[in-house]
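Dear colleague,

Please find below the sequence and structure that I am handing over to you. My notes on what was found follow directly after them.

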Amino acid sequence: MERVVLVTGASGGVGLALCRRLLEEDGRIHLCIACRNAQKSEATRDLLLATHPTAQVSTVEVDLGSLVSVLRAARELRCRFQRLDFVYLNAGIMPNPHVNIKALWHGLLTGKLLHMLTTAEGIMTQTDRLNGDGLQEVFATNLFGHFILIRQLESLLCGNEKPSRLIWTSSSNARESAFSLSDYQHAKGQESYSSSKYATDLTSVVLNSKFNKQGLYSSVVCPGLVMSNMTYGILPVFLWKLLMPIMWLIRFFAKTYTLTPYNGAEAHVWLFKQKPEYLDALVKYHSCTSGLGKSYVEPRKIDVDQETAEKLYQKLLELEKQTLERYSDLLD
């Protein structure tokens, strides 16, 4: 039987490149693309079928920032499939990003500029807001919506003949210093993206401890610095055009400057070919590209604490119980 692969955030950037690369890797898979609206889903499906006309590509509409949308999509997927082999939890947002020029200048003077440019540490802030469910929008879209989706799809992910896989798109910007258990939605800070990605790393670690025995394995990847709609939102387009030659030059010194979505999907595709039993749950797999354009994967230990991961997991379960009480009509 063909493997069933679900990809969230599939309409552009790394998500779209990943879909194309998966079909190149194995044209027999059933690829289900998840986008925020039906129009985007169908347009993405048409793009994929234009280059892979015999592929099995279906769509599901889901806005990860809306619990109603997540629950409806999960119900539809449970009706449509008997199992899921891979779920790429790739959708994410970084609203209203701001660059701290003062911090960049300080990094230049202290010799930390390259580190800051490759991790965005200390130079990127965002302005978050509440969504329609009363949750912080970045937390809800990047982590909690995916968490609820997984919980609702457990019957398709656990107890199958072969292991099922969760592969989260994290970031090198996932930093413990931006995260707090007492404010895990990051309502009080200005680094909501970094906080949500660190929470993603924590969640992946604890999911392995909870579900490996049921045949479900979780991994996190970092696509590197990819030029996508999210990246282009940080600075005006004309500035990016001026900076691009410099960024190609930086890649000789910073291997995480993957730059293209195709290169950014390298770690995602590499994990597609690995046996999960032999992977380290405490490793993040980074897409890297050499100065000459050769793509490869570099594993790096995740800076997480198991106790903190467990505490966050319990908080997510509590929040799930609180928020889903109002949507009982969408639950089985």
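Leaving aside its neighbours within four places in sequence, which residues is L84 in contact with? They are V4, L6, L153, L156, L157, N160 and S164, where contact means heavy atoms within 4.5 Å.

Before the remaining findings, a note on the basis of these values. This is a predicted model, in which local features need pLDDT of at least 70 and side-chain atom pairs count only at pLDDT 80 or more, while totals for chains, interfaces and linings use all residues. Residues are numbered from 1 along each chain as its sequence is written, and side-chain values use heavy atoms, with hydrogens and water left out.

Overall composition

The protein chain has 13 helices and 10 strands; these are DSSP runs numbered from the N terminus, helices being H or I of at least four residues and strands E of at least two. Of its 332 residues, 55% are buried. Buried means under 20% relative accessible area, exposed over 50%, and partly exposed in between, with a 1.4 Å probe and protein chains only. Among contacts with a separation of 6 or more, 73% are between residues 24 or more positions apart.

Nonpolar cores

L84 belongs to the largest nonpolar core, which has 55 residues; L6, L84, F144, L153 and L166 touch the most other members. A nonpolar core is a set of buried Ala, Val, Leu, Ile, Met, Phe, Trp, Tyr and Cys residues joined through side-chain atoms within 4.5 Å. Helix α6 (residues 137-152) supplies the largest share of this core, with eight residues. Another core lies apart from it and has 30 residues, including L48, V226, A267 and Y285.

Cavity and pocket

The search of the whole structure finds one cavity of 30 Å³ or more, and the space in the largest cavity is about 30 Å³. On a 1 Å grid over the protein atoms alone, a cavity is a set of points where a 1.4 Å probe fits but cannot get out; a pocket is an open set with protein on both sides within 12 Å along at least five of seven lines, and lining residues have an atom within 4 Å of a point. Grid points are joined across faces, edges and corners, and a volume is the space filled by probe spheres set on the points.

The lining of the largest cavity consists of S204, N208, S218, S219, V220, D280, A281, V283 and I302. Both α8 (192-211) and β8 (216-222) give two or more residues to this lining, and β8 gives the most, with three. By class, the lining has four nonpolar, four polar and one charged residue. Here Ala, Val, Leu, Ile, Met, Phe, Trp, Tyr, Cys and Pro count as nonpolar, Asp, Glu, Lys and Arg as charged, and the others, Gly among them, as polar.

The second largest pocket has a volume of about 500 Å³. It is lined by 15 residues, of which R3, D85, E161, K162 and P163 are the closest to its centre. Its lining divides into five nonpolar, two polar and eight charged residues.

Individual residues

S287 is found in strand β9 (residues 283-289) and is buried, with a relative accessible area of 0%. A polar atom of the S287 side chain lies 2.8 Å from the backbone nitrogen of A267. A267 is also one of the residues of the 30-residue core.

T59, in strand β3 (residues 56-61), is buried at 16% relative accessible area. Its side chain and that of E42 are joined by a polar contact of 3.4 Å. A polar contact is a pair of N or O atoms within 3.5 Å; within protein, one must be able to donate a hydrogen and the other to accept it, and residues adjacent in sequence count only if both atoms are side-chain atoms.

Q136 lies in the loop between β6 (124-125) and α6 and counts as buried at 10% relative accessibility. A polar contact of 3.3 Å joins the side chains of Q136 and D128. Beyond four places in sequence, the residues in contact with Q136 include H186.

H186 lies in the loop between β7 (164-169) and α8, and is buried at 8% relative accessibility. Its phi is near 60°, a positive value in a residue other than glycine. L259, in the loop between α10 (237-250) and α11 (261-264), has a phi near 70°, which is likewise positive in a residue other than glycine. L259 is buried, with a relative accessible area of 3%.

With kind regards
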